[in-house]
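My notes follow, in the order I took them.

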Amino acid sequence: SRMAGVSIPLSKKLKRQNAPVRPSEHSDVAASLVVQLVREGAASSGGGENDDDAAHQEQQRTVIPQLDVPSTTTPEQLNAILNQMLKTTEEPVPYAFQVLGRELNGPLHKALAEAGGSAASAERTIEIKYVPQATFRVRAVTRCTATLPGHKDSVLKVSFSPDGRALCSGGGDCVVRLWDLSTQTPAEALEGHRGWVQAVAWSPDAALVATAGMDCETRVWRVRGDGATVSSTARRRKKAAGITAVPTGAEGSPATAPANEGATPCTVLRGHKKSVTSVAWRPAHLQLPARQLATSSRDGSVRVWDLGAITSQRCRLTLTMHTHAVTCVLWGGQDHIYTASRDASIAVWDAKDGRCLARLTGHAHWVNFISVSTEYVLRTAAFDHTGKFEGNTHPSHLVEDSPDAAAAMEAARKRYDAALRATTCKVGSLAEAVGERLVSASDDFT
């Protein structure tokens with residue numbers, strides 16, 4: 001082809017962009033300059049107290065010799081030269097430069113021209129002072145403290161306990177696993193689910209953990225610190241830090257499930273027609289020990305369960321208003337239940353009688369997740385930042401209406417009230433508390 005060897009000429013704009021920066025034709029600044037890099041603050045001569053500074057300056061002059069650089073040299077290029085001359089072993093240190101008392105923000109010839117062209121020539125050494133800048137090194141969290149193997153399929157859900165001592169995980173292998181975080185080892189494997197485990201929720205007193213998933217069931221396990229187990233299978237498992245899962249019965253005592261319920265007995269809550277998507281416990285400042293929880297399902301319903309009732313009456317309320325699958329349920333600190341659905345709406349329910357207090361619309365697609373501004377204190381309840389529980393009795397042994405339970409509820413109430421006071425909204429020059437804030441995430445990109 002005749003065009004194969006023909007080069008396409010550059011446009012004038014590209015030629016100007018690719019052209020090297022050169023000093024002005026009318027400038028007296030030479031094209032090549034001799035510079036000396038000196039650290040800011042070093043004395044030029046001395047005696048007495050300035051002897052150390054003079055010695056430091058002389059040392060810098062021996063380390064960094066005079067350099068012959070183009071007058072188009074920029075601060076970035078000086079930075080690279082200085083780090084190379086000083087043999088910086090770690091990350092490059094940023095420096096600021098000064099020429100003739102002026103900060104160097106561009107090419108050398110520009111700064112020298114502003115200071116007076118007669119000040120720079122090829123025969124004169126130009127002193128450039130450099131000052132190291134403060135560096136704030138923020139390293140990414142890339143170090144893995146532990147790898148917890150054990151699941152035989154995808155891990156779908158993980159949740160820390162409110163005291164931060166344990167971790168619960170569930171996945172596609174239909175097994176719920178408890179992990180001791182102090183030793184980063186397995187504590188218990190809970191078997192019984194017949195489908196993927198998609199939801200894991202700890203009670204606010206860290207005494208119970210509820211799991212649910214594709215088998216349309218919710219299972220509640222009690223976590224005790226006394227090392228007790230309830231089945232021969234659990235006895236043979238390795239005990240780590242004394243964390244053991246046992247079932248909760250109608251009155252909080254261990255319950256025995258039929259043989260077909262799995263190797264480890266547990267309390268099973270049935271009623272949903274499709275898979276369970278989310279689990280939420282009633283906050284600790286409203287009830288201790290934990291007894292009530294809410295579950296949402298793809299069947300469009302939300303069920304409120306009372307573990308303290310007899311088996312036939314454990315489902316206390318059934319909330320049905322959504323026309324599509326309910327993706328998330330949340331139990332707020334004002335005793336309201338919030339539900340998000342694929343019908344693009346959010347519902348607010350009264351947890352006492354199941355009345356729908358409000359229906360929030362605005363999203364144009366599925367609502368996938370909701371959260372409240374007080375979620376952290378609702379989850380940790382009476383546990384402080386160190387994992388200490390307010391009270392003399394271990395949370396797994398709290399008795400309803402006891403002084404210890406009342407003290408723990410009061411501690412949780414104080415933490416919740418403090419979180420409410422911290423949630424403020426500024427209107428003009430005034431800042432006033434706005435209470436719990438609800439945030440939602442949707443498939444409509446908002």
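**Notes on the salt bridges**

I started with Arg270, which is partly exposed, with a relative accessible area of 45%. I kept in mind that this is a predicted model.

Which residue forms a salt bridge with Arg270? I found Glu217 there, with the closest N and O atoms 2.9 Å apart. This pair links distant parts of the chain, since Glu217 lies in strand β12 (residues 217–224) and Arg270 in strand β14 (residues 267–270), 53 residues apart.

Then I turned to another pair, Asp353 and Arg355, whose side chains meet in a salt bridge at 2.8 Å, N to O. Here Asp353 is partly exposed at 41% relative accessible area, and Arg355 counts as partly exposed at 45%.

Back to shared partners: I noted that salt bridges join Arg194, Glu217, Arg219 and Arg270 into one network. The structure holds eight salt bridges.

**Notes on the whole protein**

I read seven helices and 26 strands for the secondary structure. Of the 446 residues, 45% count as buried. The protein exposes about 23900 Å², and carbon and sulfur atoms supply 51% of that area. Among contacts with a separation of 6 or more, residues 24 or more positions apart account for 56%.

Methods
Residues are numbered from 1 along each chain as its sequence is written. This is a predicted model: local features need pLDDT of at least 70, side-chain atom pairs count only at pLDDT 80 or more; totals for chains, interfaces and linings use all residues. Side-chain values use heavy atoms; hydrogens and water are left out. Helices (H or I, at least four residues) and strands (E, at least two) are DSSP runs, numbered from the N terminus. Buried means under 20% relative accessible area, exposed over 50%, partly exposed in between (1.4 Å probe, protein chains only). Contact means heavy atoms within 4.5 Å. Accessible areas come from the Shrake-Rupley method with a 1.4 Å probe; for residues, only the protein chains shown count as cover. A salt bridge is a side-chain nitrogen of Lys or Arg within 4 Å of a carboxyl oxygen of Asp or Glu.
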